[in-house]
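Open your viewer and get ready to select residues by number. We will take a short walk from stop to stop, and at each one you will be told what to pick.

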Amino acid sequence: MDERQLRVLREVGELGSVTAAAEALLVTPSAISQQLRLLQRSIPVPLTERDGRRVVLTAAGRALAGAAADVERALARARHTVDEFIEQPGGVVSVAAFHSAAATFFPLLLRADAAPQLSLHDEDVPQDEFPLLTREYDVVLAHRLDHGAAWPRTVAVTALLHEPLDVALPVDHPLAAKRQLTPRDVAHEPWITVHDGFPLMATIEAIGAAANQRLDLVHRINEFTVVAEVVAAGAGIALMPRWTAHRHPAVVLRPLRGVHARRHIDALHRPERTARKAVRTTLTNLQHAATEIRKDDPQVRR
C-alpha cells in the first residue's frame, strides 16, 4: 500500500462513490478503481462493499481509512519540516576547493553578509575527479582549461572566473623586461609544473608544441605558494594564475601569447542541492567574490 491508495480509500469512504472520489481527486473513475484494487491485493479482508448504489467501507476499511488520516497528518508534518529546512537562510553548507581557489575564495565567503554556516575543505584532485566530489560536498570549486573537456551534464555549473595563466619569473630574470612572452621565449627555460593529470599540464604541453621544443620539466609542485618560492629562488619558471595565486615580492607575472593560457574556475553542484536557500546564497556569494577578485586586475579596471 502507498499514500495514494490510502487517500483514495478515505475519499471513497467519505463520499460514498467511485465517481465522486474521482471528481474530488481530479482523476478518472477507472484510476480510482485501479488504486482500490491494488490496495485490496495487500489486505486479506474486504475493504469496501455495496450498499445499494453506494460504495461503503467495511469495518476493516474504516479502520484503515482512520489510519490513513494519521498517515496524511504525519506526511504533512514531514513535508512542513522539509520545507522549513529548505528555506532556512542558515544551515551548514559544505564547500570544497582546490588550493589556490580556496585561498582566494574562502576568506571572501567567510566575510560575506548573511552568509550561512560554512564547512570548508581543500581538495586538490585531477580534473576528471572534481564532479565526483559533488557527492560529498554541497559546492565544489573546480578548474579546467579552455580546451579541456566540459563538465559532465550530471552536475550543475555556476561560472565564476575565466582566469589568465601567466609566466612567473624571478624579478631579475632577463625575460622580466618584456611586457609579453611567446612560447619561443620560454621554451629553453627550466620549468616548474604540476603533476600529470592536473589541468595546467595541457597548457605546458601546448607551449612546447608551439615552440616545437620539448620543455625541461625540472620540478613537479602543485601548490602555487610553494611554486612562487621556488621561482623566486631561481630554480625555474612556471605558469601561475593571475588572480588566485598570492603575489610574491620577488616574482613577476608576464602574459603569454600564442597559446590558450586561461582556465575556467566554476562552482559545481548537484542540481538538487540548490533546493536549499543556504546553498543558493552561497553560490550568489561566490559570484560576488569572483567580481571582487577580477577588480584587482589592473587590466580589468581599464
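**Stop 1: the nonpolar cores**

This is a predicted model, and our tour starts with its largest nonpolar core, which has 36 residues. Select V167, L169, V186, W191, I207, V227 and L239: these have the most contacts inside that core. Now colour the elements that give two or more residues to it: strands β6 (156-170), β7 (190-193), β9 (237-241) and β10 (251-254), along with helices α8 (200-211) and α9 (224-232).

Next, zoom in on I207. Which residues does I207 touch, not counting those up to four places away in sequence? Show P183, V186, W191, L215, L239, L256 and V259, and you have them.

There is also a second, separate core, made of 34 residues. To find it, select Y137, V155, L161 and A278, which are among its members.

**Stop 2**

How many aromatic pairs does a search of the whole structure find? The search gives 2. A pair of aromatic rings is described by the distance of the centres and the angle of the planes, so keep both values in mind here.

Select F98 and F130. Their rings are edge-to-face, 6.1 Å centre to centre, with 70 degrees between the planes. F98 sits in the loop between β3 (92-97) and α5 (99-111), while F130 belongs to helix α6 (residues 130-133), so this pair links parts of the chain 32 residues apart. Buried or exposed: what is F98? F98 is buried, because its relative accessible area is 2%, under the 20% cut-off. F130 is buried too, at 0% relative accessibility.

W151 lies in the loop between β5 (139-145) and β6, 21 residues from F130 in the chain. With 11% relative accessibility, W151 counts as buried. Show F98, F130 and W151 together and you see one aromatic cluster.

**Stop 3: two arginines to compare**

Go to R263 in strand β11 (residues 262-269). R263 is buried, at 0% relative accessibility. Its side chain makes a polar contact of 2.8 Å with the side chain of T244.

Now jump to R10 in helix α1 (residues 3-15). R10 counts as partly exposed, at 25% relative accessibility. Leaving aside neighbours within four places in sequence, R10 is in contact with A65, A69 and E72.

**Stop 4: salt bridges**

A search of the whole structure finds 7 salt bridges. Begin with R276 and D138, whose closest N and O atoms are 3.6 Å apart. R276 is in the loop between β11 and α10 (277-295), and D138 is in the loop between α6 and β5, 138 residues away in the chain. Both R276 and D138 are buried.

Then select K178 and D185, a salt bridge with its closest N and O atoms 3.1 Å apart. K178 is partly exposed at 37%, and D185 is partly exposed at 21%.

For the last stop, pick R220 and D196, where the closest N and O atoms of the salt bridge are 3.0 Å apart. R220 lies in strand β8 (residues 216-220) and D196 in the loop between β7 and α8, so the pair ties together parts 24 residues apart in sequence. R220 is partly exposed at 33% relative accessibility, whereas D196 is exposed at 56%.

Key:
Residues are numbered from 1 along each chain as its sequence is written. This is a predicted model: local features need pLDDT of at least 70, side-chain atom pairs count only at pLDDT 80 or more; totals for chains, interfaces and linings use all residues. Side-chain values use heavy atoms; hydrogens and water are left out. A nonpolar core is a set of buried Ala, Val, Leu, Ile, Met, Phe, Trp, Tyr and Cys residues joined through side-chain atoms within 4.5 Å. Buried means under 20% relative accessible area, exposed over 50%, partly exposed in between (1.4 Å probe, protein chains only). Helices (H or I, at least four residues) and strands (E, at least two) are DSSP runs, numbered from the N terminus. Contact means heavy atoms within 4.5 Å. Rings of Phe, Tyr and Trp (its six-membered ring) pair if their centres lie within 6.5 Å; planes under 30 degrees apart count as stacked, over 60 as edge-to-face and the rest as tilted. A polar contact is a pair of N or O atoms within 3.5 Å; within protein, one must be able to donate a hydrogen and the other to accept it, and residues adjacent in sequence count only if both atoms are side-chain atoms. A salt bridge is a side-chain nitrogen of Lys or Arg within 4 Å of a carboxyl oxygen of Asp or Glu.
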